[in-house]
Amino acid sequence: MHGAVAGHYLGCNIDEIDAIKANFSTADLSPKIKALLAIAGSVQKGGKHVTTDQIEAARAEGADDKEIHDTVLIAAAFCMFNRYVDGLGTWAPRDRQIYIDRAPERAEVGYISSIFKKA
């Protein structure tokens, strides 16, 4: 779902999102986003994997403290969320088109609309 929403925001298709996920460093992304994604990738391994050089590189590309903070926070939260749902043995539809079709609504109104339907 998150890849489909990212594709919606970036105006690209799921294959392009897959390519970004496979190797963001060669993707058509800004240097600032690439630097922040490098930090996020280190957070996935563990918070202590984030290096001073990565922080300095992000700052050199224009990232401020809030953007660096939010990158670390979001990456850490997703690691926790993934462990949580995996630990509960949840499942997700394998048909990626379901997520692509839902992406515009998720981007517009978030996830609340999937829980509370309008009368």
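View 1. Lys66 counts as exposed because its relative accessibility is 58%, where exposed means over 50% relative accessible area, buried under 20% and partly exposed in between (1.4 Å probe, protein chains only). Lys66 forms a salt bridge with Asp70, the closest N and O atoms being 2.8 Å apart; the term stands for a side-chain nitrogen of Lys or Arg within 4 Å of a carboxyl oxygen of Asp or Glu. The two residues are four residues apart in helix 5, and so are separated by about one helical turn; helices (H or I, at least four residues) are DSSP runs numbered from the N terminus. The model is predicted, so that local features need pLDDT of at least 70 and side-chain atom pairs count only at pLDDT 80 or more, while totals for chains, interfaces and linings use all residues. Residues are numbered from 1 along each chain as its sequence is written, and side-chain values use heavy atoms, with hydrogens and water left out.

**View 2. The salt bridge of Glu67 and Lys32.** The side chains of Glu67 and Lys32 meet at 2.8 Å, N to O. This pair links distant parts of the chain, with Glu67 in helix 5 and Lys32 in helix 3 (residues 31–45), 35 residues apart. Glu67 is partly exposed at 27% relative accessibility, and Lys32 is partly exposed at 23%.

**View 3. The aromatic pair Phe78 and Phe81.** The ring centres lie 5.8 Å apart with the planes at 80 degrees, so the pair is edge-to-face; rings of Phe, Tyr and Trp (its six-membered ring) pair if their centres lie within 6.5 Å, and planes under 30 degrees apart count as stacked, over 60 as edge-to-face and the rest as tilted.
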